[in-house]
Amino acid sequence: VALALGFVSCQEKATDEPQSDVQPIVPVLQADKTELLANGADTVTFTATVNGTANDEVQIICLNDNSILNQKIFTTTTPGSYRFVAVYNNESSNVVEITAKEVEKIITLEADKSEIIADSTETVTFTVKVDGVEVSDSYEIINLNYNAALEGNTFVSDVAGEFKFQAKYDG
């Protein structure tokens with residue numbers, strides 16, 4: 001008579017660490033878009049969650065200058081790239097990058113008259129507007145016939161002809 005016996009034993013590996021049911025804190029940051037116009041009116045709205053649940057105690061920080069974002073809304077008038085994280089209980093979220101695009105300005109050159117007499121006395125006065133608002137500096141008016149900038153915003157001539165002008169704005 002033969003007898004075979006077998007024993008199998010399973011035991012959890014002993015550790016010195018206490019067992020815990022505490023979930024790790026995982027903040028997540030999301031934005032409703034990744035680009036905005038740098039016009040001070042366009043906005044990006046952030047949503048911050050911790051372990052999948054919205055949490056108002058999360059701070060959203062702009063990594064460019066370490067400022068805290070109020071109201072979870074970002075706007076700017078400065079074009080460039082901005083990086084944000086959400087922080088909760090000293091845990092940081094993913095980084096969200098937002099690009100603020102430069103707004104093209106509409107530059108308008110207006111003249112108070114379209115014709116002058118070539119007598120070196122009659123004057124045309126120009127007005128430069130940016131996005132419909134008159135500007136008093138940071139512009140240049142170019143006489144395209146001579147490829148030369150005017151000194152100021154007026155033009156006189158003793159030469160008859162058709163003259164063309166262009167405004168440049170650096171502001």
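Contact here means heavy atoms within 4.5 Å. Keep that in mind for this tour of a predicted model.

**Whole chain.** Start with the cartoon view. The chain has zero helices and 17 strands. Now colour by burial: of the 171 residues, 24% count as buried. Among contacts between residues at least 6 apart in sequence, 52% join residues at least 24 apart.

**Largest nonpolar core.** Select Leu29, Phe46, Phe74, Phe84 and Ile98. Within this core of 19 residues, these five touch the most other members. Next, highlight strands E3 (44-50), E5 (59-62), E8 (80-88) and E10 (96-101). Each gives two or more residues to the core.

**Phenylalanine 74.** Zoom in on Phe74. Which residues does it touch, leaving out those up to four places away in sequence? Show Leu36, Asp42, Thr43, Val44, Phe46, Leu69, Tyr82, Phe84 and Ile98. Two of these names, Phe46 and Phe84, you have already selected as core members.

Another core lies apart from the largest one. It has 11 residues; select Val130, Ile141, Leu150 and Phe155 among them.

**Glycine 171.** Go to the segment after strand E17 (165-169), where Gly171 lies. Is Gly171 buried or exposed? Its relative accessibility is 61%, so it counts as exposed, the cut-off being over 50%. Gly171 touches both, not counting residues up to four places away in sequence. Finish with a distance label from Gly171 to Lys105, C-alpha to C-alpha: 9.6 Å in space, across 66 residues in sequence.

Definitions and conventions:
Residues are numbered from 1 along each chain as its sequence is written. This is a predicted model: local features need pLDDT of at least 70, side-chain atom pairs count only at pLDDT 80 or more; totals for chains, interfaces and linings use all residues. Side-chain values use heavy atoms; hydrogens and water are left out. A nonpolar core is a set of buried Ala, Val, Leu, Ile, Met, Phe, Trp, Tyr and Cys residues joined through side-chain atoms within 4.5 Å. Buried means under 20% relative accessible area, exposed over 50%, partly exposed in between (1.4 Å probe, protein chains only). Helices (H or I, at least four residues) and strands (E, at least two) are DSSP runs, numbered from the N terminus.
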